[in-house]
Amino acid sequence: MTTEKLETPKKKNNKHLRSGVAMLLASAALISLPFLQQSMQGSISNGSLMKINASSLQMDSVTMFGGGGGYGGGGATTFRDMSSNVIGPSSGFRNLLPNFGSAPQPYAPPQNYVAPVQMQSDYVAPPYYQELGRDKSPAYADNPVKKTSAEPVSTFSIDVDTASYSFIRKVLEQGRLPEKDSVRVEELINYFPYNYEVPRDVRDPFKPTVAVYQSPWNAEKKLLHIGIKGYELPYRPKSNLVFLIDTSGSMNTPDKLPLLISSFKLLLDTLGDDDTVSIVSYAGGAGVALEPTKVANKRRIREVLDSLYSAGSTAGDAGIQAAYRLAKESFIREGNNRVILATDGDFNVGISNTEDLKRFIAEKRDDGIFLSVLGFGQGNYQDATMQALAQNGNGNAAYIDSLNEARKVLSEESGSTLFTIAKDVKIQVEFNPALVRDYRLVGYETRHLERQDFDNDKIDAGEIGAGHTVTAIYEITPATSPVLSGLRYKQPDPEAARTPDDASGFGNEIAFLKLRYKQPDGDRSMLMTRPITGEDEKPFAALSDDVRFASAVAGFGQMLRGGRDTGSLDWDSIIDIANNARGDDPYGYRVGFVNLVKLAKTTGRSDGR
């Protein structure tokens with residue numbers, strides 16, 4: 001006897017449900033096939049940019065319905081021949097799809113269709129915000145030649161900024177000569193490190209290096225070279241740094257905010273784990289992006305830097321106030337407390353009075369919090385504002401035109417950038433009328449001080465960092481002339497008699513050098529003096545590489561400003577001097593200078609200069 005197993009109602013219902021769902025899915029697929037075919041045919045016949053590779057869609061032997069039994073009956077339904085761009089159903093459904101298998105028809109656009117206007121082939125939409133023609137530098141006239149008989153004393157503040165050199169380098173590399181006012185000769189000279197002698201006693205922050213030699217551009221004149229180098233710190237004090245970052249819309253170019261972020265990451269790698277970093281960003285309003293954080297948590301600092309983006313207008317004053325507040329909260333006694341402002345220099349919202357902003361920064365420097373300024377980008381670079389803020393904040397200004405420059409300023413020279421060893425450094429030179437008929441200071445036009453300012457400790461001046469070098473060059477005309485009464489070289493006085501030189505007439509002295517400075521946390525200045533005599537004079541070929549190279553840079557800067565006083569000097573002469581004085585150049589800065597002079601030579605010809 002055969003026993004037949006009966007199907008329970010529940011199982012039978014489930015089977016019908018599965019068959020019904022499969023049928024619905026198949027119906028939907030078949031209904032959409034004509035539209036799919038039409039779309040494919042239109043795309044292929046019209047050469048659409050999005051091409052369909054039919055072979056990648058082929059589904060051979062894909063069973064849509066289960067074998068016998070279910071709704072629709074018959075065998076399996078499959079899609080074939082998709083590699084030939086033809087979608088064919090099984091014969092059971094061919095009558096429902098009469099258009100399948102026919103030749104592809106050209107695509108017909110809708111009635112009244114108007115084709116869009118095509119852009120010209122050479123049009124390239126700007127990928128980011130761009131400012132043009134708004135770079136601004138303070139205007140000034142070149143220092144005049146002064147007669148020693150009428151004005152024998154020259155006084156100025158040192159300048160350790162280097163922004164001018166890297167800015168004009170970027171302009172020259174773009175095939176243009178820089179605007180005259182953007183060229184500050186002293187910043188070109190001071191861009192380069194020099195191996196000047198340093199003091200043996202650490203109680204003196206620096207020691208002057210002096211040389212007198214024949215001018216390479218005027219046979220009737222000589223150059224007086226004065227160089228000082230700050231001592232290197234035996235250890236690095238703890239740092240409390242606030243990164244004040246401009247994130248306004250004008251920073252939305254590759255050479256601004258993205259380069260800025262990469263630059264700060266380089267600086268971060270030079271700091272110790274126990275140093276502190278805060279980040280304030282400003283655009284329209286200021287916001288604290290990172291509260292004071294130990295550098296040991298470097299990953300968190302990097303994450304915040306990477307999260308910054310540019311938008312809005314610039315509220316520089318609000319950002320500065322927030323930055324100084326954080327610096328004060330994390331203040332380190334006998335440490336390096338500094339705000340580092342990074343911007344394209346455009347402050348156009350909030351405190352519009354620059355003098356008010358300068359006063360605010362000057363007040364904060366008296367609290368032991370200094371300010372350094374890093375400039376980025378072109379087209380909107382406001383050099384005048386940046387210079388004013390850095391000078392009033394007891395800091396320095398640098399222009400970052402590339403990651404290599406960021407490495408130089410924030411990594412290789414981080415000690416001189418961050419750690420001040422002397423502040424309010426002033427230089428005064430008194431020339432001997434018996435030996436010097438006239439003189440001219442090369443550069444430092446914006447750092448001029450009155451004679452009486454030298455002894456006035458209330459007058460602000462420049463700062464020098466650890467290992468930093470500062471160079472000043474005078475052009476002098478040797479001569480004999482009447483001696484001016486009432487000055488050092490007319491008759492000896494008690495102070496002059498205490499100098500190393502013999503006080504009986506000072507006949508061998510070309511000039512007398514005075515330097516005045518304060519300790520970083522001091523209020524009273526100290527005086528350093530040195531006579532400049534005939535023993536300091538040497539033939540040009542016997543000079544050190546540093547002195548000869550500095551003369552080449554001085555000539556280059558003056559040529560870029562028009563060459564009013566450079567006589568027979570030309571680009572080739574500068575190249576020859578610099579090439580013969582490259583000396584030890586581990587980072588290639590001097591080689592880079594020679595290439596820059598060559599660019600100026602080529603550009604000057606095309607520009608008619």
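Two strands count as paired if DSSP finds at least two bridges between them. With that in hand, welcome to this predicted model.

- Strands of a sheet pair through backbone hydrogen bonds, in either a parallel or an antiparallel way.
- Strand β12 (residues 436-442) and strand β14 (residues 469-478) run antiparallel and are joined by six bridges.

**Helix α12**
- Helix α12 covers residues 545-560, which makes 16 residues.
- From its first C-alpha to its last, α12 reaches 23 Å, close to the 22 Å expected at 1.5 Å a residue.
- Is α12 mostly covered or mostly open? The helix is mostly covered, with 15 of its 16 residues buried.
- Gly562 follows α12 and has a positive phi, near 115°.

**The chain as a whole**
- The protein chain has 609 residues, and 49% of them count as buried.
- Among contacts in the protein chain with a separation of 6 or more, 78% come from residues 24 or more positions apart.
- The accessible surface of the protein chain comes to about 30000 Å², and carbon and sulfur atoms account for 51% of that surface.

Methods: Residues numbered from 1 in each chain as written. Predicted model: local features only at pLDDT ≥ 70, side-chain atom pairs only at ≥ 80, totals over all residues. Heavy atoms only, no water. Buried < 20%, exposed > 50% of the residue type's maximum accessible area, 1.4 Å probe, protein only. Contact = heavy atoms within 4.5 Å. Areas by Shrake-Rupley, 256 points an atom, 1.4 Å probe, with all protein chains shown as cover. Helix = DSSP H or I, 4+ residues; strand = E, 2+ residues; numbered from the N terminus. Expected span 1.5 Å × (residues − 1).
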